[in-house]
Amino acid sequence: MPRPEQKIIKLTIDGREVEAVEGSMLVDAAKAADVEIPYFCYEPKLGQPVGACRMCLVEIEGIPKLQTSCSTPVRDGMVVNTQAARVKDAQNSIVEFLLVNHPLDCPVCDKGGECPLQDITFGWGKGRSRVIEPKRHFVKPLALSPLIAIDRERCILCYRCVRFSQEIAEDWQLIFTERGSHTFVGTHDGHPYVAPFSGNIIELCPVGALTSQPYRFRARPWDIEGAGGICTLCPSQCNVEFTVRDDKVLRVLSRENPAVDDGWLCDKGRFAYQSIHVDERITTPLLRDESGELRPVPWDDALRAAGAIAEHRGRAAALVGGQATNEEAFLLGRIVREGLESRDIDSRLSPAVRPGDATVELDLARALAAPALQATVADLEFAHTVLVVGTEPLDDSPILDLRIRKGVRRHGVQLLIATERPSALDPNAAFSVRYAPRRGAAFLADLDGALAGGAASPEAAQLANLLRGGGEEVVILWGEALGAEALPALLSVADRLGLAGRAGAGLLEVPSGANGRGIREAGALPNAGPGYSEVTAGRSAAEIATAAAAGDVTALYLFQVDPVRELPGRGTWERALARAELVVAHAAVLTEGIAAHATVVFPAESHAEKEGTIVHPDGRVQRLRSAIKRPNHVRAGWQVLTDIARAVGVDLHVLTAGMAFRRLVEAVPFYEGLTLEAIGGRGVRWPETDAASALPAARTSPPTPPAPAAPLAAPSNGRLHAGVYRSIWASPEVDVSPSLQFTVAEQLVELSPQDAAALGIEHGAPVQVAQNGTRLSGRAAIRTGVPAGTLFLAAGIARDSANALTDDVVEVAKG
């Protein structure tokens, strides 16, 4: 839908003529004119103002009573006075009322020094109180959750935290209980406030009522400094500010960027910073000795051992993990292709469209990257219709979940969902449909047929009707987990809906890795070089595993990825790593595959230490800056790669991170003109630049989508069709972060109520899932919405991960 039109009007504030957008709130218009109006409850991100604190009262000509400027829209010709005697008297009174019960414990309060109540008390308070009665008291502090402490004596009842819970995250866990002066923030029946976005209320709180448990009493505002950065723990790539003291990250705050994150963070991004400073982190190179143990060694020894990869020319392969920067992926690609004379490098989870058909894969990649098809994050909020297919935003890219909810709630976006697993967004959707596990390609082919007017299933036909009648601006949010086989149908659906070149419409991918898009654009693909240039095709990740297990690939370079944990085909990867003669890895912590099989392990940088660039799923190139020094013996990833390049006879001509970026820009035509200064703190969307036309066009039309597959046969005798999901918490960084231990992902086997009843399994009961001799243990999670005959298993976890299974059907029994 069209963005709201902005009509500029004029008004007068304290005798000054001010321009503002018609309909904006008076407090915002005043702020833009450098007129400060105090407030506590107002926060534009929370939606419609509530005027709860009454701190922002002003005098408006023609209105006898004082008005709350946070809830008063500006209009042309309005005359406002913020300095009138009765305005000041009202503001003094509000401050006095707030301090009636607020404890004066600023010296021991974590908010002290960065507290709006302190500032407003000094600026707008009388400086004295007439109240001599005892203040109210509560037990303090209480653990609102394992991450948040609440001091109810300090609460000024501004509604911010409750509104966030009810209107933004929509988890409806926080409420006001009791009445009058006894009112306090709580949860239903005192349950802990455990939710994916709970940490945002700490930052929203204008006083010290809600504080971070990990940060409590760690530092004062005058002890710290802020450093801007990007969170690379998921594809959302939220802009953050690291709170740093003595070269240690003590806290992560949001650094609002409306084009990316809307100023929110998930709890993984907010609290997993602790993984940077835990004892489990690798901070020195490790080399496997003759006894089979990984031992710390000097850098020269580790580089010498890793340099032996030169002896495996033509038989080496590399995998690039999602947290790599564009520069790291680009440099590693050059090492593989130029130094090791190999074509085998990959960064994707999904298999090939058709094994060996590299031309089709390259054309699909180019077609999906076409600037005319690129939707933005903001389009999710303002589109007429959003179709979510093959992804669960809450797990895969959490901030997009909030953005979609905002679009539905504020702008009436029609939300359509087509996934194999129930979605957290189902209650917000106008229509939801489930397809069978691993049948995303078949469903999209069915939908494509329905849009073409052909025969289709009732679900696909209904979805097609809603898409046709859902307005011109349609955004399709799709996940890499759909698989490459679904891409021809996806492009055909986009073509039938006329999305190309239409403002506010298009495709938006949720890649499996945080920087999945940037890594591909940098050339970490078996069928494409930097900028999707044509190269002699190599093996995909799955094909690399098979070749290594067979002895055809003898050396593996794993850059911030553990295929045993991260990739499908766990058994094949274990055999591949065990047979490989040399395994070089970059890792921050020792995950199972690295610990068991790596020959050399280089310590990897955290996202607070890296210098480089990454690419957001919507094509926004963003810059990573070093917020803290690298600990101990950790070196920059690009620096280690240049050392390895020299060992294999390649001069990368890179001496600094900036030089690595310039080499990348030279190699990727559609990055032409990009500079680190231009990227700055907000990023640059390359599809909007003049250089975007340099993206190579697809040489052939996308292949015809396959015919819809026949429905799956109904399972029997305890056998169910298995799907896979990856929890938001399935991450090594979460596993080692002390404050997030209560979230560490385990195997939850999601079952439908019907199947659970037939198998005699209760919610939370132990279950066993077996297939071809492989057995996984987990707990049952009975979930309404799971289609009968299917179950869903967690992948990417440390134990009993679903990537150990290879077939679609499993046997389920009580544990």
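Visitor: Hi! As I understand the term, domain bounds come from an automatic or database domain assignment. Which domains does that give for the chain?
Guide: Happy to go through them; keep in mind that this is a predicted model. The assignment gives domain 1 (9-98), domain 2 (132-274), domain 3 (286-343 + 535-694), domain 4 (362-510) and domain 5 (719-814).

Visitor: How many Å separate the centres of domain 1 and domain 5?
Guide: Taken over C-alpha atoms, those two centres are 53 Å apart.

Visitor: Let's switch to pockets. What volume does the second largest pocket have?
Guide: The volume of that pocket is about 1,100 Å³. Its lining has 30 residues, and Pro4, Pro44, Lys406, Arg410 and His411 lie nearest the centre.

Visitor: Which helix gives the most to that lining?
Guide: That would be α12, with 5 residues. Helices α4 (160-168), α10 (379-382) and α12 (398-411) each supply at least two.

Visitor: And how does the pocket lining split by class?
Guide: There are 13 charged, 11 nonpolar and 6 polar residues in the lining of the second largest pocket.

Visitor: What about cavities, how many turn up in the whole structure?
Guide: The search finds 8 cavities of 30 Å³ or more. The second largest cavity has a volume of about 90 Å³.

Visitor: Which residues line the second largest cavity?
Guide: The lining includes four cysteines, Cys155, Cys158, Cys161 and Cys205, along with Ile150, Ile156, Arg160, Val185, Pro206, Val207, Ala209 and Leu210. By class, that lining is 11 nonpolar, no polar and 1 charged.

Visitor: Now helix packing. At what angle do α8 and α21 cross?
Guide: Helix α8 (residues 326-339) and helix α21 (residues 637-647) cross at roughly 10 degrees, and their axes come within 10 Å. Angles under 35 degrees count as roughly parallel, so α8 is roughly parallel to α21.

Visitor: Which residues make that contact?
Guide: From α8 they are Glu328, Leu331, Leu332 and Ile335, and from α21 they are Gly637, Trp638, Leu641, Ile644 and Ala645. The contact of α8 with α21 has 7 nonpolar residues, 1 polar and 1 charged.

Visitor: One last thing: where does Ser24 lie?
Guide: Ser24 is in the loop between β2 (16-21) and α1 (26-32).

Visitor: What does Ser24 touch, leaving out residues up to four places away in sequence?
Guide: Ser24 touches Thr72, Pro73 and Val74.

Methods: Residues are numbered from 1 along each chain as its sequence is written. This is a predicted model: local features need pLDDT of at least 70, side-chain atom pairs count only at pLDDT 80 or more; totals for chains, interfaces and linings use all residues. Side-chain values use heavy atoms; hydrogens and water are left out. On a 1 Å grid over the protein atoms alone, a cavity is a set of points where a 1.4 Å probe fits but cannot get out, and a pocket is an open set with protein on both sides within 12 Å along at least five of seven lines; lining residues have an atom within 4 Å of a point. Grid points are joined across faces, edges and corners, and a volume is the space filled by probe spheres set on the points. Ala, Val, Leu, Ile, Met, Phe, Trp, Tyr, Cys and Pro count as nonpolar, Asp, Glu, Lys and Arg as charged, and the others, Gly among them, as polar. Helices (H or I, at least four residues) and strands (E, at least two) are DSSP runs, numbered from the N terminus. Axes are lines fitted to C-alpha atoms, for helices over the stretch in contact, and angles run from 0 to 180 degrees between N-to-C directions. Angles under 35 degrees count as roughly parallel, over 145 as roughly antiparallel, 65 to 115 as roughly perpendicular and the rest as oblique. Contact means heavy atoms within 4.5 Å.
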